[in-house]
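Student: I would like a close look at the salt bridges here and at the strands and helix around them. Please give the cut-offs as you go.

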Amino acid sequence: MQVKLDAAALNSFMHAEFPQVAAQFRVESVMPMAAEVRLLVGDMHLRPGGTVSGPSMFALADLAIYAVTLGMIGPVALAVTTNCSIDFMRKPEAGRDLIGTARLHKLGKTLAVGDVLIRSAGSEDVLARASLTYAIPPNR
């Protein structure tokens, strides 16, 4: 399968379609059936105790699967999450960006299924693992 949108095109798409999140995230790379997305961690992402909040990590996982899906099918703004399960395994550090590495296991006409591993930038330790399913609207 060939990539239809590269990282630069996805970042431009996000700025146009989702400006509310585009300032917090950056698509780092897109490859066939895989992508990396960075959460630019700021004070808004922290919870008491000096760690990145679970909802911020969920948003990273969700956006990473969205990015790889659109990278493969093109700019379909109305693709939506239909299922997500996330396991939090380690506490992220407050002062480091998070990287979500997404890969698709299945890309069909109506569903995309994949997983995301979340790490702190510069670390190999997995902080969280998420499994997501996206619904792809007809007539893409």
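How many salt bridges does the count come to, and which residues are linked in a network of them?

Tutor: The model is predicted, so local features need pLDDT of at least 70 and side-chain atom pairs count only at pLDDT 80 or more, while totals for chains, interfaces and linings use all residues. Residues are numbered from 1 along each chain as its sequence is written, and side-chain values use heavy atoms, with hydrogens and water left out.

The count comes to five salt bridges, a salt bridge being a side-chain nitrogen of Lys or Arg within 4 Å of a carboxyl oxygen of Asp or Glu. A network of these links Arg 26, Glu 28, Arg 38 and Asp 97.

Start with Glu 28. Its bridge to Arg 26 has its closest N and O atoms 2.7 Å apart. Glu 28 counts as partly exposed because its relative accessibility is 31%, and Arg 26 falls in that class because its value is 36%. In these terms buried is under 20% relative accessible area, exposed is over 50%, and partly exposed is in between (1.4 Å probe, protein chains only).

Glu 28 also meets Arg 38, at 3.3 Å from N to O. Glu 28 is in strand β1 (residues 25–31) and Arg 38 in strand β2 (residues 34–39), so this pair ties together parts 10 residues apart in sequence. Strands (E, at least two residues) and helices (H or I, at least four) are DSSP runs, numbered from the N terminus. Arg 38 is buried because its relative accessible area is 18%.

Arg 38 forms a salt bridge with Asp 97 too, where the closest N and O atoms are 3.1 Å apart. This pair links distant parts of the chain, 59 residues apart: Asp 97 is in the loop between β5 (80–88) and β6 (98–107), and Arg 38 is in β2.

The loop between β1 and β2 holds Met 33. Met 33 is not a glycine, yet its phi is positive, at about 65°.

Strand pairing comes next. β2 and β6 pair in the antiparallel sense over six bridges, where pairing requires that DSSP finds at least two bridges between two strands. Ala 102 in β6 is the bridge partner of Ala 35. β6 in turn pairs with β7 (residues 111–120), also in the antiparallel sense, over nine bridges. Within that arrangement Gly 100 stands opposite Ile 118 in β7, and a hairpin of three residues joins β6 to β7.

Leaving aside neighbours within four places in sequence, Met 57 is in contact with Val 52, Ile 86, Phe 88, Pro 92, Leu 98, Ile 118, Leu 127 and Ala 128, contact meaning heavy atoms within 4.5 Å. Met 57 is found in helix α3 and counts as buried because its relative accessibility is 2%. The C-alpha atoms of Met 57 and Glu 93 are separated by 12 Å, although the two residues are 36 apart along the chain.
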